[in-house]
Amino acid sequence: MKLYKIMFFNMMVMGTIIATSSYSWFSMWMGLEINLLSIIPLMSTQKNSLSSESAIKYFVTQALASLILLMAAIMMMLINEFITPLVNYHFLMIMNSALLTKLGAAPFHFWFPEVMEGLTWLNCMIMLTWQKIAPMTLIMNNSMNPTFSTLIIISCLLTSAMMVFNQISLRKILTFSSINHIAWMISTTMMSSSSWLIYFAVYCLINMNIIMIFKMTNTFYLKQINNIINTNKTIKFSYMMNFLSLGGLPPFIGFLPKWIVINWLVNNNMYTIATTMIILTLIMLYVYMRITFSSMLLNHNEPKIIKLKINKMAINTINFMTLFSLITCTLIFNLL
Amino acid sequence: MYPLRYILLVNRRISYVNKNLFHTSSVLHTFWERDDKGGYNTKTSVPIKERMRLGLQELKKEIELWKKEIKEDFESDPVLAFRPGETDIMWKFGTEESLQQWVVTSDSDHNEGYSKGSLTLTNTGKGLFSGELSTKVPKDGRTKRAGYCNIKTLRARKSFKRETYLDWNNYNMLVLKVRGDGRSYMVNIATRGYYDVLWNDIYHFVLWTRGGPYWQITKIPFSKFFLSSKGRIQDKQYPIPLNKITSFGISAGDKVNGPFSLEIDYVGLEFDPNHTEEFAYEMYKAPKYIVAV
C-alpha cells in the first residue's frame with residue numbers, strides 16, 4: 001500500500017467526519033471539499049487511461065454541486081439575516097438538488113455510470129458506500145419538501161429500472177442498483193435518522209460482499225461470471241445469495257430495511273408511494289435474478305483445473321451474516 | 001529536461017524560443033487541442049431554410065430509430081455466452097448501403113500529397129479499397145512526408161444524432177477476411193476520449209497480406225494493439241478500452257510508391273478463450289521526467 005494512498009484515504013475519511021459532525025453549512029461544505037479533493041488521487045491510477053477521465057468527470061460534477069450548495073447556503077443566510085429558518089423552500093430545494101447531485105440520485109445521475117466504469121473495484125466500493133454518508137447526512141439535516149422528495153424517489157426508481165435492462169458491465173449494474181437504493185434511503189430520511197442508518201449499514205454490508213467476490217475473481221462483465229461461478233461452490237452460493245439480498249428478498253438481510261420502510265409508509269397512509277416503490281423495485285429484482293439464474297443454469301461443468309485463491313474464512317463469515325442476520329435482527333427487536 | 005522546459009514557458013515567450021530552434025514548422029508547447037478535426041475543416045455553410053428542411057426530413061428517421069432502440073432495450077436480453085469459433089460480423093460489404101458507413105480519405109484531400117484512394121464494390125459483392133500511393137511531397141514548405149490513404153467507419157450513433165461508443169468487451173479478437181496484394185496495411189481502432197488530450201487516441205496493428213488468389217482470415221487479438229496519438233507511438237501503453245471504441249479504419253501507407261488494392265469481405269469480432277494475454281507491451285521503470293512525461 002503506497003504512502004500517499006494511506007494519507008489520502010485518511011483525509012477522505014476525515015472530510016466525511018468533518019461534514020457530518022459540523023454545526024454550520026460552511027464547515028459542512030469544507031468537509032465535502034476535503035473529501036472530494038482527497039479521493040481524486042485515489043481514483044486516478046497508472047494502470048488505466050480511463051481512470052483519469054473518470055476522476056476529472058467526478059471532480060467537475062462534484063465541484064459544481066459544492067458550488068451550488070455554498071451559493072444556496074449563503075443566499076439563505078443573506079435573505080434571513082444570518083438566521084436560517086427551515087422554511088425557505090426555494091433555496092432549500094436548490095441545496096437539496098446539489099446534495100442529490102453529489103449522491104448520484106436521478107435526475108442528477110448522468111455522471112454516475114460513466115465515472116464508475118473507469119474505476120477499480122476498491123474505488124467502486126468507496127464510491128457506492130462511503131461517499132454517500134456525507135450528502136445523506138446533510139439531506140437529513142435540512143427538511144425536504146415532501147412533493148420534491150416523492151418526485152426524486154420516483155425518478156430514481158424509474159431511471160434505475162429502465163437503464164439497467166441491457167447492461168453487461170457489472171459496475172454499471174451496481175451503479176443503477178445504487179440509484180435504486182438511494183430512492184429507498186431518501187424515503188428513510190422522511191422517517192428518522194436511525195432507520196436510515198439501518199438501511200445504509202445493510203446496503204454497505206451487501207455491497208461489500210458482492211464487490212469482494214468480484215475483486216477476488218477479477219470479474220467486470222457478465223460474460224466472465226459464467227466462467228468463474230462454477231469453479232467454487234462457496235463463490236456460487238455467496239454470489240447468488242448476495243444478489244437476492246440486494247434485491248430485498250427474504251430470508252436475507254436485505255429484506256429488513258425495506259420491511260421497515262414499507263411498514264412506516266403504510267402506517268402513515270402513504271399507500272401510493274409504497275406501492276410504486278415496491279413495483280419499481282421488482283423490476284430491479286428481475287434483473288438481478290436474470291443475472292444470477294442464467295449464470296447458474298447455463299453452465300453446470302465444474303472445472304477442477306482452475307483454482308482460485310479465495311479467502312474462504314472471510315466469505316464464509318460474511319455470508320453467514322447475510323443468511324442469519326434477518327432472524328437475529330427480528331429477535332433483537334422483539335426482545336427490546 | 002528539454003520537453004519540460006517548453007511546457008513551463010508562457011505564450012508570449014514562444015516566438016523568442018522559436019528563433020533559437022532548427023524547426024521549420026511551429027512547435028507545440030501545450031497539449032491543448034483547438035479543434036477536434038485538427039485544423040482540417042470541411043464544413044460547408046448551408047442556408048438556414050435548407051437546414052430546417054433537411055432537419056425535418058431527418059426527424060422522422062430519428063423517431064423511428066428511437067422507437068427501435070426502446071423496443072430492443074425492453075425485448076432483448078444481453079448475450080451471455082460467447083463460444084469459440086463464432087465470429088460476430090460488424091461490417092460486411094455486399095450492398096451500396098454498406099459503403100455509406102465508410103469514409104475514404106487521402107493526403108491529396110487537403111493538398112498535402114498526390115495519393116488517391118477509393119472504396120468500391122467488386123463484381124462479386126466484396127469491398128475493394130484501392131488506389132495509388134505516392135510519396136512525392138508537395139512543395140508548400142509545410143509538408144515533410146506524404147503518401148497515405150485511409151478508410152474509416154463513421155462514428156457509432158444512437159437516435160437523434162447522439163454519439164455513442166461501440167462496446168466490444170465480450171470479445172478479444174478482431175477478425176478480418178481480406179485478400180490483399182502483398183502490401184502491409186495498418187488496422188486502426190479509434191478510441192476517441194471525452195477530453196482533448198484523448199481525442200486522437202488510436203490503437204494500431206499491422207495487417208500483413210499474402211497477395212495470392214486465396215482469401216485470408218486474419219485474427220488479431222486486442223492485446224496486441226499499441227496506442228498512438230496523432231501518429232506518435234506513446235511511451236505509456238495501456239490495453240485498449242474495449243467499451244470506448246469510436247471507429248475502425250484501415251490505412252495504406254507503407255512508404256512504397258505504386259498501386260494498392262485490398263479486397264475486404266467482412267470485419268468481425270470473436271471471443272477466443274485460449275487467448276489469455278491481457279496486454280503485450282510494457283515499459284521499464286525509467287527515472288522521473290525523462291520519458292512519458
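The dialogue below turns to the charged side chains of chain B.

A: This is a predicted model, in which local features need pLDDT of at least 70 and side-chain atom pairs count only at pLDDT 80 or more, while totals for chains, interfaces and linings use all residues. Residues are numbered from 1 along each chain as its sequence is written, chains are lettered from A and ligands numbered from 1 in the order in which they are written, and side-chain values use heavy atoms, without hydrogens and water.

Q: How many salt bridges does the structure hold?
A: A salt bridge is a side-chain nitrogen of Lys or Arg within 4 Å of a carboxyl oxygen of Asp or Glu. Over all chains, the structure holds 22.

Q: Where do B:R53 and B:E50 lie?
A: Helices (H or I, at least four residues) and strands (E, at least two) are DSSP runs, numbered from the N terminus. Both residues belong to helix α3 (residues 48-75) of chain B, 3 residues apart, about one turn of the helix.

Q: Which parts does the pair B:D265 and B:K92 tie together?
A: The closest N and O atoms of this salt bridge are 3.0 Å apart. B:D265 is in strand β13 (residues 258-270) and B:K92 in strand β1 (residues 87-92) of chain B, so the pair ties together parts 173 residues apart in sequence.

Q: Is B:D265 buried or exposed?
A: Buried means under 20% relative accessible area, exposed over 50%, and partly exposed in between (1.4 Å probe, protein chains only). B:D265 is buried at 4%, whereas B:K92 is partly exposed at 44%.
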